[in-house]
Amino acid sequence: MSTVEETQPLFSHLVELRNRLLRSILSVLLVFLGLVWFANDIYAFLSAPLVERLPEGTSMIATDVASPFFTPIKLTLVASVFVAVPMILYQVWAFIAPGLYKHERRLIMPLLFSSSLLFYAGVAFAYFVVFPLVFGFFTSIAPEGVQVATDIASYLDFVLALFLAFGIAFEIPVAIILLCWTGATDPQSLRQKRPYIIVAAFVVGMMLTPPDIISQTLLAIPMCLLFEVGLFCSRFYVRAEAEEDETETAERDGD
């Protein structure tokens, strides 16, 4: 009987996990169906930072026969995932919430919201700040006699890699709060390691971005600033969590 009782909760959790995954996939598909008609317009918007800085009389090219069709579709699918992130995060939250304590539930929901907001902020920073500078630099240093004509598929892979790098980098405050909350580290220890973290930010910027000093610096500087933001917020949050734990312990002891 005990084996059956242990198996049933596990099976129910697997069923719920499947349902949450299906709802997440369905939300992405619905957004994709709504955006696919505008696939070429979405790609035109994404390519604007480069197209506006190409030499006069040049344009982007497609070196593969199927690229003019599949590249905008691929971009639309990725954009659908970005748009559906709030729904996906809600499914994650709904799945793990029953197993959390009360103060943990109050932590997770703000973190899910702030993490998605910071990811969008990183993508927006890359598009509106980094792309104009990087593409302006690349197109201006082309050797004489070399015509700049970027392949649309290569351009998409390039900008998606930058979007991912900046989106993940902007999650630093959330990562610091989680590390301090779980007890893996504390604000005082992180403050003492600030010089090493600054060096690590520039190393990570070098690894995650193309081999040019502009994009590396434009990634490393926000990472350093976001580290300071996370350090500041974690100091207050750890104190609040400690008080909350003491209150819950007192309540349990009173019962």
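Trainee: How should I read a nonpolar core, and which residues have the most contacts inside the largest one?

Mentor: The general idea is that in soluble globular proteins nonpolar side chains tend to be buried together. In this predicted model, the largest nonpolar core has 44 residues, and those with the most contacts inside it are F131, Y155 and F163. Helices α2, α5, α6, α7 and α10 each supply at least two residues of this core, and α5 gives the most, with eleven. Apart from it lies another core, of six residues, including L89 and I108.

Trainee: At what angle do α2 and α3 pack?

Mentor: Angles from 65 to 115 degrees count as roughly perpendicular. The angle between α2 and α3 is about 80 degrees, with their axes 8 Å apart, and the two helices are therefore roughly perpendicular to each other. Among the residues that meet are I42 and L46 in α2 and P72 and I73 in α3; by class, this contact has eight nonpolar, three polar and no charged residues.

Trainee: What should I look for in an aromatic pair, such as F45 and Y127?

Mentor: Look at the distance between ring centres and the angle between planes, where under 30 degrees counts as stacked and over 60 as edge-to-face. F45 and Y127 are stacked, at 4.8 Å centre to centre and 20 degrees between the planes, and this pair links helices α2 and α5 across 82 residues.

Trainee: Are F135 and F158 buried or partly exposed?

Mentor: F135 is buried, with a relative accessible area of 4%, whereas F158 is partly exposed, at 24%. Their pair is tilted, with 45 degrees between the planes.

Notes
Residues numbered from 1 in each chain as written. Predicted model: local features only at pLDDT ≥ 70, side-chain atom pairs only at ≥ 80, totals over all residues. Heavy atoms only, no water. Core = buried A, V, L, I, M, F, W, Y, C linked by side-chain atoms within 4.5 Å. Buried < 20%, exposed > 50% of the residue type's maximum accessible area, 1.4 Å probe, protein only. Helix = DSSP H or I, 4+ residues; strand = E, 2+ residues; numbered from the N terminus. Axes fitted to C-alpha atoms, helices over the stretch in contact; angles between N-to-C directions. Parallel < 35°, antiparallel > 145°, perpendicular 65-115°, else oblique. Contact = heavy atoms within 4.5 Å. Nonpolar A, V, L, I, M, F, W, Y, C, P; charged D, E, K, R; others polar. Phe/Tyr/Trp six-rings, centres within 6.5 Å; stacked < 30°, edge-to-face > 60°.
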